[in-house]
Amino acid sequence: MQTRTQFEDIQNYLTDASNMPGGRAEKLFVPATAAAVAEILREANAEGTPVTISGARTGTVGGAVPFGGTIISLEKLNSIEIDKDAATVTVGAGSILGDLQKEVERHGLFYPPDPTEWSCQIGGNIATNASGARSFKYGATREYVRALRVVLADGDILSIRRGEFIADPDGVLRVKTDKGNAIEIKVPTYERPNVRKNVSGYFNSDRLDAVDLFIGSEGTLGVIVEAELSLLEKPKGFFSGIVFFPEESDLLTFVNAVRTALRKHPVATAPGSDKRTDEGVRVPIDVTLLEYFDANSLKLISEKFPETPSGMAGAIFFEQETTAEDEDALLGLWNELLERHNAAESASWFTTNEQDLGKMREFRHALPVTVNERVVRNKQKKIGTDMAVPDDKFASFLRFYKDILESSGIEFVIFGHIGDSHLHANLLPKNEAEATRSRQIYGRCIAQAIMLGGCVSAEHGIGKLKRNYLAAMMGERYLNEMAEVKRALDPKGILGRGNVFSEAYLTA
């Protein structure tokens, strides 16, 4: 096991993608086994030393930024073992998502979670319940976790399989460690927002599964060292498009129509037929992803993709999985849907081959890259939102976004996961005065999302930077319930200190 104490050996582990300043630590450990992680934690727990878990540090909320104590990097826990017959993979927490995806692909299988940054580590994905664009159809990481191996703060190890430890009707979850030690946890009682994506605080539910408690807990309840994940059969084919709309109202009704089609599973028209009947080919419009770009986003992207049509109110990027049997019928359905909602079909881009799909994904990823370039040029930090709201409140929330941002005079773009009613509004201040106003606008957007029954973080988590927003969403009572969960698993509060909620709740 590597141990490092010199600043030059530790400095790269003192920040993450949030660029939160002030990170510091006395020691960095790079263990290669779960047993070594347990040994480090036993000593840290005995001494009351804070421990920050470091993955690939791609998080944007400061969760991996230490403020004293010890860092444990999981980078050497990078094994990947696929069981093709069972369609599962057992993976070390330090494994890179991109490496996992390549190995899964090599076996003709499919792992759906698709966060934008493929250099992230699987342990971090689980700790934040990472999602991404494909969550519209496939859900977030939680849907694919079958079992976890977790090292607790005192060094004991908890090996849990889905369905093994379930909370009783009174909301008490009892687990047993590998050594036979019993732990009793009171499940928080808050009602979760009615949104498609939510990583705002600890997960709770009736009959809570212990596996689900650790997913999304941001390294505060235990150190995930290994996971067993479900895999799917690789899709046979796809039809994908970036569709431009001259009018935003048509774009929004198109999105609603796609959601409705998903619920109704329509019957496609058989080739040569002019009506839908049960004799037709029964196929659903069943998109994998549904992504949005506002007019400002398109203007910014056009710096790298000059073929982007001008004068459009926005665009939608979609992917639909197909087979040889249903492809023609699906293309007909999509053509009808686009015509009905006045899409600029002649200016839009469509493909059924991997090479062109790669270009479309480059178009999607060019936006955050260009935003970051603008941020560097302005010598200011971007202010980016991550809220989700209920579907029936989405249109009004988008209108709120646009009204408040357009009136600010600050450069902005709005893009992201419109299928999940979850968009990212990025403000790009040019000076300190605009930066101050941007932070004020962010606070107002948070308040609006909460008022509409939404959540303060849909996919990036809380970390250290969003604790106050979680407090506004949850209130004192429920933060105290979360703190009670942490005390049951980490009585001295050494893990992820400062993440999710203030340390003050642990001493109350």
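Trainee: How much space lies in the second largest pocket?

Mentor: About 730 Å³, where a volume is the space filled by probe spheres set on grid points joined across faces, edges and corners. Keep in mind that this is a predicted model: local features need pLDDT of at least 70, side-chain atom pairs count only at pLDDT 80 or more, and totals for chains, interfaces and linings use all residues. Residues are numbered from 1 along each chain as its sequence is written, and side-chain values use heavy atoms, with hydrogens and water left out.

Trainee: What makes a space a pocket and not a cavity?

Mentor: Both are sets of points on a 1 Å grid over the protein atoms alone; a cavity is where a 1.4 Å probe fits but cannot get out, while a pocket is an open set with protein on both sides within 12 Å along at least five of seven lines. Lining residues have an atom within 4 Å of a point. The second largest pocket has 33 of them, with Phe110, Arg134, Glu319, Leu357 and Arg361 nearest its centre.

Trainee: Which element gives the most to that lining?

Mentor: Helix α10, with five residues.

Trainee: How many of the pocket's lining residues are charged, and what makes a residue count as such?

Mentor: There are 13 charged residues, next to 12 nonpolar and eight polar ones. Asp, Glu, Lys and Arg count as charged; Ala, Val, Leu, Ile, Met, Phe, Trp, Tyr, Cys and Pro as nonpolar; the others, Gly among them, as polar.

Trainee: How many cavities of 30 Å³ or more are there?

Mentor: One. The largest cavity has a volume of about 40 Å³, and its lining includes Asn129, Arg142 and Tyr202. By class, that lining has four nonpolar, four polar and two charged residues.

Trainee: Why are β1 and β3 called edge strands?

Mentor: They belong to an open sheet in the order β1-β2-β4-β3, with mixed pairing. Strands pair if DSSP finds at least two bridges between them. β1 (2-4) and β3 (51-54) each have a single partner strand, so one side of each is left without a neighbour in the sheet. As for β3 and β4 (70-73), they run parallel and are joined by four bridges, so they pass the pairing rule. Within that pair, Val51 stands opposite Thr70.

Trainee: How do you know that β8 and β12 pair?

Mentor: Six bridges link β8 (145-151) to β12 (223-230) in the antiparallel sense; Arg149 has Glu226 as its bridge partner in β12. They sit in an open sheet of five strands, ordered β5-β6-β12-β8-β9. Helix α2 (34-47) lies across β8 and β12, at about 45° to β8. Strands (E, at least two residues) and helices (H or I, at least four) are DSSP runs, numbered from the N terminus.

Trainee: What describes the packing of α13 and α14?

Mentor: An angle of about 115°, with axes 7 Å apart. Axes are lines fitted to C-alpha atoms, for helices over the stretch in contact, and angles run from 0 to 180 degrees between N-to-C directions. Contact means heavy atoms within 4.5 Å, and Leu470 of α13 and Tyr478 of α14 are among the residues that make it here.

Trainee: Where does pLDDT stay under 50?

Mentor: Over residues 265-282. pLDDT is the predictor's confidence in each residue, from 0 to 100. Where it is low, predicted coordinates should not be read in detail. The chain's mean is 92, with 95% of its residues at 70 or more.
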